[in-house]
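Please read it with the sequence and structure open.

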Amino acid sequence: MSRVAAVRRLVVRAPNWVGDLVMATPMLEALCAAPRFERVDILLRAHLAPLLADSPWVDRLVPIDSSAAERAALTQLAPDAIVLLSNSFGAAWRAFRAGVPLRIGSALSGRRILLTHAVVPPTLGGRRLPVPTAHLLRDVTALAGVDTPELRPRLYVRDELVRTVRAELESAGLGAGEEYILCCPGAAFGAAKLWPPEHYAAALDELCAETGARALVGGGPGEEALMNAVAGMSRTGAVSLAQHPRDLERLKAQVAGARLLLVGDSGPRWVAAAFDVPCVSVMGPNFPELTASSLENCRVVRLEGLECAPCLERTCPLEHHRCMRDLPPSQVVAAARELLAGASA
Amino acid sequence: MSRLRDGDRVLLRMPNWLGDFVLAEPFVNALHERAELGRGATTLVGSARMLGLFEGRFPVLERLPLRVDEPENPRTWRGHDAAIFLNGSFKSVVCAWRAGIPNRCGLLRGGRTLLLTGGGVPARERGRAALGRGRKGRRPRYLPRPFETVCQELAGWMGVTIARRRPLLVPTAAALAERAERVAEVGVDLARPYLLLNAAGRPGSAKAWPAARWLELIRRLQGGSLPLVVVSAPDEDEVARRVAAEPRSGVHALVDPAPELPELLAWTAGAAMLISVDSGPRHLATATGVPAVVLYGSTDPRHTADFLTDQVALTADVPCAPCHRERCPLIGDRHLACLDALTPEAVVDLVRGSPAGSGV
């Protein structure tokens with residue numbers, strides 16, 4: 001029996017971050033559609049499952065809420081192979097401990113020895129070079145014998161939810177039929193990725209004055225203070241959604257209906273890519289090379305020439321946070337103008 | 001890493017293979033945008049024949065076309081601050097070093113690593129062979145990856161952002177005129193869409209579908225709603241010549257001469273669909289948005305696994321493939337097993353199963 005025929009049941013361990021999960025959707029789709037596998041299950045953190053609601057593979061989702069639950073799920077599913085789209089050591093370790101025969105993933109986080117099939121990303125002097133995460137996910141998926149047709153993220157949202165969310169936004173203050181610019185200023189990664197709220201407010205004010213659109217400020221759990229701060233500093237009546245229903249499913253509908261998304265280097269950027277919504281992403285401590293995919297409708301704005309950047313730290317170790325504080329709103333506005341001009345051309 | 005600085009004059013050594021050349025177009029476009037913004041000039045160095053595909057585009061980029069067998073000349077490369085190598089040649093890197101270009105970047109493979117100042121060691125695969133991919137490669141087992149991926153990453157390490165990933169090529173007015181002339185000769189009705197068959201392949205190559213298979217495919221497709229246009233490369237035109245020698249209604253062969261690249265691009269851009277082996281012309285279809293059915297023999301689909309939403313791959317699940325060899329090392333029943341397993345019936349099914357070929 002060929003190696004391919006021997007793998008009938010496959011588990012895909014999805015990434016743990018919103019952005020990485022959205023980037024992985026083309027690979028999830030390709031793996032679920034591959035005719036060689038009798039069964040494909042997708043293991044993912046339970047709180048991320050709403051992001052994949054309405055997708056064609058929703059019935060393949062196996063939400064997990066702890067390491068013990070993950071190991072138990074693997075034992076019960078007893079797959080022939082696991083594709084690790086999460087780069088964590090823990091995911092590889094649990095697959096190894098659960099006795100999954102073939103473990104396919106990237107050789108990162110010190111887990112090479114736990115893998116039967118591994119991708120070693122490009123290096124220089126023995127150190128990993130930054131490459132787009134989407135490329136790495138595709139490479140790993142290809143080790144399972146499945147090619148990904150394209151890297152454009154795939155998200156789905158039902159019409160009923162779109163209408164519901166629109167109604168919620170209008171009850172929050174958006175005019176009937178009014179266009180809006182959505183701003184998501186938060187960053188679960190850490191404070192180092194936060195652009196100052198006054199900068200967001202200034203950029204939104206200028207863009208709203210130019211476009212006639214309304215500014216809405218959204219975010220995730222725990223980001224209410226930041227959302228309110230941005231809206232409070234706006235002089236054009238930006239509306240904070242802090243007191244309104246918010247979750248990952250609603251985020252999809254909110255982003256899909258926006259004229260523009262203004263966001264940091266965080267998950268909603270990829271939601272915008274999935275729905276072809278123009279997006280300006282403000283980046284500070286991260287390598288732009290790590291997210292250099294789906295740029296057709298996105299502009300990444302960052303401060304060039306800083307010796308300390310990028311640092312990949314969650315909080316600024318030098319305590320000046322210049323990579324974000326010194327990034328002027330005018331640069332963000334210029335990028336947004338370029339995108340909107342291209343969208344209307 | 002050796003990121004480009006504002007004002008750096010860049011020399012971009014283009015790939016020598018047609019497919020890679022086409023897939024590098026987004027990188028060229030990004031450098032053109034950089035030059036238009038006044039951030040530094042770029043010179044393209046590459047085959048004159050292939051640079052012709054950019055005729056009429058990238059007006060602010062300089063070109064140093066290389067004729068066949070013309071060596072690279074360090075004197076013409078002087079004055080650049082950085083050289084980026086999209087080809088794999090050691091000689092090109094030596095030329096840049098002799099020209100005094102201080103920043104020399106590319107993939108760090110083989111002996112040229114000693115002369116490169118930046119870039120990266122390519123991604124590798126470890127452990128067992130990828131599922132369904134046949135044999136493991138030889139060490140150090142560089143990971144087969146789409147060339148546009150490599151370009152994107154190399155550009156990123158240099159500080160160049162490639163926003164448009166998909167290659168784009170546009171036939172020139174002259175090429176369209178050449179096509180129109182040829183149409184008059186061979187009698188193709190351009191008012192109807194046509195299927196373009198790239199029946200090329202060096203004799204004995206492990207990428208070349210046998211001529212008998214092509215002729216069988218043509219027999220099965222002819223008489224359908226779409227006429228067939230058969231093209232090939234010079235010296236790889238056995239199928240096209242046999243088609244031309246036995247005229248059939250609705251089947252046209254472009255021979256004597258075989259179309260040059262600009263004309264071939266024009267024919268590709270106007271096709272309803274391309275059927276091709278895994279060779280350079282299939283990337284012309286990618287760059288013109290034309291759907292394609294691609295036959296893989298010895299090559300690994302991972303090398304070209306991008307922009308596949310309008311391309312369908314036909315591969316054979318044989319234990320020895322992909323081996324990525326030019327000549328099949330096996331004998332007897334296993335000789336060219338990867339190509340033997342690709343049947344004309346399967347190709348016809350794929351063509352008819354696609355939106356573009358549903359009327360065939």
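1. In which helix of chain B is B:Glu263 found? B:Glu263 belongs to helix H10, residues 261-269 of chain B. This is a predicted model, and the points below should be read with that in mind. B:Glu263 is buried, at a relative accessible area of 5%. Leaving out residues up to four places away in sequence, B:Glu263 touches B:Ala175, B:Glu178, B:Arg179 and B:Arg182.

2. With a relative accessibility of 0%, B:Glu25 counts as buried. Its side chain makes a polar contact with the side chain of B:Arg57 at 2.7 Å. Beyond four places in sequence, the residues that B:Glu25 touches include B:Phe54, B:Phe58, B:Arg164, B:Arg166 and B:Pro167. B:Leu168 and B:Leu169 are also among them. The C-alpha atoms of B:Glu25 and B:Arg165 are separated by 8.9 Å, although these two residues are 140 residues apart along the chain.

3. B:Arg165 comes up again in a salt bridge with B:Glu148, at 3.0 Å from N to O. B:Arg165 sits in the loop between H6 and helix H7 (173-186) of chain B, and B:Glu148 in helix H6, so the pair ties together parts that are 17 residues apart in sequence. Are these two partners buried or exposed? B:Arg165 counts as buried at 7% relative accessibility, and B:Glu148 is buried with a relative accessible area of 4%. Salt bridges with shared partners join B:Arg165 and B:Glu148 to A:Arg138 and B:Asp306 in one network.

4. The side chains of A:Arg138 and B:Asp306 meet in a salt bridge of 3.1 Å, N to O. How many salt bridges are there between chain B and chain A? The count is four. The rule also finds 19 residue pairs in polar contact across this interface, with both residues at pLDDT 80 or more.

5. Next, what chain B brings to the interface. Strand E6 (118-120), strand E7 (124-127) and helix H6 (147-157) of chain B are the elements that give two or more residues to the side touching chain A. H6(B) gives the most, with six residues. By class, this side of chain B has 17 nonpolar, 10 polar and 13 charged residues.

6. As for the extent of the interface, the contact takes 40 residues from chain B and 42 residues from chain A. The area buried between the two chains is about 3,300 Å², and carbon and sulfur atoms give 54% of that area.

7. Over all chains, the structure holds 47 salt bridges. One of them joins A:Arg154 to A:Glu29, with the closest N and O atoms 2.6 Å apart. This pair links distant parts of the chain, 125 residues apart: A:Arg154 is in the loop between helix H5 (133-143) and helix H6 (159-172) of chain A, while A:Glu29 is in helix H2 (residues 18-33) of chain A. A:Arg154 counts as buried at 14% relative accessibility, whereas A:Glu29 counts as partly exposed at 21%.

8. Another salt bridge is formed by the side chains of B:Asp8 and B:Arg5, at 3.0 Å from N to O. B:Asp8 counts as buried, at 4% relative accessibility. B:Arg5 is exposed, with a relative accessible area of 55%.

9. In chain A, A:Leu114 lies in the loop between strand E5 (102-106) and strand E6 (117-120). At 6% relative accessibility, A:Leu114 counts as buried. Apart from residues up to four places away in sequence, A:Leu114 touches A:Phe89, A:Ala92, A:Trp93, A:Phe96 and A:Arg103. A:Phe96 is 18 residues away from A:Leu114 along the chain, and the C-alpha atoms of the two are separated by 6.5 Å.

10. A:Cys308 is partly exposed, with a relative accessible area of 29%. B:Cys151 is in no disulfide either, the nearest cysteine sulfur being that of B:Cys105 at 14 Å. B:Cys151 is buried, with a relative accessible area of 3%.

Technical notes
Residues numbered from 1 in each chain as written. Chains lettered and ligands numbered in written order. Predicted model: local features only at pLDDT ≥ 70, side-chain atom pairs only at ≥ 80, totals over all residues. Heavy atoms only, no water. Buried < 20%, exposed > 50% of the residue type's maximum accessible area, 1.4 Å probe, protein only. Disulfide = S-S within 2.5 Å. Contact = heavy atoms within 4.5 Å. Buried area = accessible area lost by both parts, 1.4 Å probe. Polar contact = N/O pair within 3.5 Å; in protein donor to acceptor, adjacent residues only side chain to side chain. Helix = DSSP H or I, 4+ residues; strand = E, 2+ residues; numbered from the N terminus. Nonpolar A, V, L, I, M, F, W, Y, C, P; charged D, E, K, R; others polar.
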